[in-house]
Amino acid sequence: MLDELTAGLRPGDDTAALLGRRRITRGDLAELRDRYAGALHARGLRPGDTLGVAVRPGPRALAVLLAAYRMGLRIAVLDPSAGPDVLVARLGLAKPALIVADAAAQAAAGWAAPLARRAGLDLPRFSRLAPTVTVGRRLPGSAPALAPGGPPPPVFDGDGDAVVIFTSGTTASPRAVVHTRAGLAAGMRAVAGLVRPRTGLPILGGMFFVLVPALASGAPVAVPARRPRALARQVTALRPQATYLTPPQLRTALDAGVPFTGRVYSGSAPVSATLLERVRAAGADEAWCVYALTEVFPAAAVEATGKSAHTTGGDLVGDLLPGVRAELSTTGELLLAGAAVCDRYLGSDPHEWVSTGDIARLDGRRVVLAGRAKDMILRRAENIYPGLYEPSLHVPGVSLAVLVGVPAGDGDEEVVAIVETTPGVDQATVEAALRDPLRRMGAARPDRVLFAPVPLAGRSRKPDRAAAAALAVAGPRR
């Protein structure tokens, strides 16, 4: 899809590409891409070099990524929320030839650092780690601007590394997923097959794997507004054919009464059947759970109707998408392979299969998760996998629910359910609705149920199980 998008973006094309306060045409995007490609080429970057990117989502960020891909560069995505020590370690592993950053990212590492730290951002000075240039408007203290170059170099034609995405690890041993150009293309084709974008009709979604297939198919894209009222205005004005929001974004939008249209997709964190049914009730024609990992996106998907009909335990994440293969390890962990699977972890040899960290069962090509291998709770010599039982806790009125283990002495654990209710719902009503699901959990039935907001963490705002366990320890006992 990236090759198709590269070929399909031409200067002078007045067709809408990005919708927002300022309408960006496909021609605007093509001109910006070619300008950046010419400038990067003039800086001496050549196919195979690594480009660090720390630019806020928007036209400039997309144009930089498209320019780098057009040139055959390897893109290292820099997450500003990772913290300075982690970022330094990651940059040391990726070894970028150049870092492209906007003024906001650089200010957060410089004169605006005190304000940034209050917002949860703490960045190192990029220029101390690699040559750095600024795209967009410069502010005092910013690195030199990315100077204009000549015309863009010829379009790179071949395979090789396309992107490095850091996922986890420590400062001593950061972990980075490497996708090749061929693998990235396969993943984008899978997204396009799932979303089915139609030319000319808007799509609402800000992630790169949403932007590229949509634009390659001729559909304009709008980045979702952060505030629910603004999001409601967006949906009402655009009536998007498809929308992608993370589960926390969806819950916030639904709690604020945001209407939905067309097909709605959600992933990057657990997606319950209750959440999907709420989306359908808010006006969506279809509501989809998408199972994806940094190593393979997307892997499986299921629509709300199929998810709601699943009653045999565990979290149904759907049927494997075309080209994805699965098998289980001897410990029951889900392993995935296929054209869209990452090539390797940076610094390691290429692999065919990747470990997901999820315990699962397979019914043909249907995948049902039983929880994270590392999240297993041990109570009275019984292995309890939270993901096998958490879906049953998502009764009407429950926004999010998790099971965590807390120390109970002699190596045993107590099982605690933390239940977050939907705003405005009476807790007594939820408690009554939970009685039967709790009874049916058998040996996994929680010792306690704590009604409280579930802590979230990371870019995708997944449940923070360590913080949830700490909350369970401090919570009331009864």
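This is a predicted model: local features need pLDDT of at least 70, side-chain atom pairs count only at pLDDT 80 or more; totals for chains, interfaces and linings use all residues.
**Entry 1: α7 and α8.** Helices here are DSSP runs of H or I with at least four residues, and strands are runs of E with at least two. I noted M188, V191 and A192 of α7 against F208, F209, V212 and P213 of α8 as the contact (heavy atoms within 4.5 Å). By class it has 7 nonpolar, no polar and no charged residues.

**Entry 2: cavities.** I found 2 cavities of 30 Å³ or more. A cavity is a set of points on a 1 Å grid where a 1.4 Å probe fits but cannot get out; lining residues have an atom within 4 Å of a point. Of its 16 lining residues, V191, V195, F209, V210 and Y244 are closest to the centre. α8 gives the most to this lining, with 4 residues. The lining divides into 15 nonpolar, 1 polar and no charged.

The second largest cavity has a volume of about 40 Å³. I listed F209, Y244, G267, S268, V290, A292 and F297 as its lining.

**Entry 3: basis.** Residues are numbered from 1 along each chain, and side-chain values use heavy atoms, without hydrogens and water. Local features need pLDDT of at least 70 and side-chain atom pairs 80 or more, while totals for chains, interfaces and linings use all residues.

How values were computed
On a 1 Å grid over the protein atoms alone, a cavity is a set of points where a 1.4 Å probe fits but cannot get out, and a pocket is an open set with protein on both sides within 12 Å along at least five of seven lines; lining residues have an atom within 4 Å of a point. Grid points are joined across faces, edges and corners, and a volume is the space filled by probe spheres set on the points. Ala, Val, Leu, Ile, Met, Phe, Trp, Tyr, Cys and Pro count as nonpolar, Asp, Glu, Lys and Arg as charged, and the others, Gly among them, as polar.
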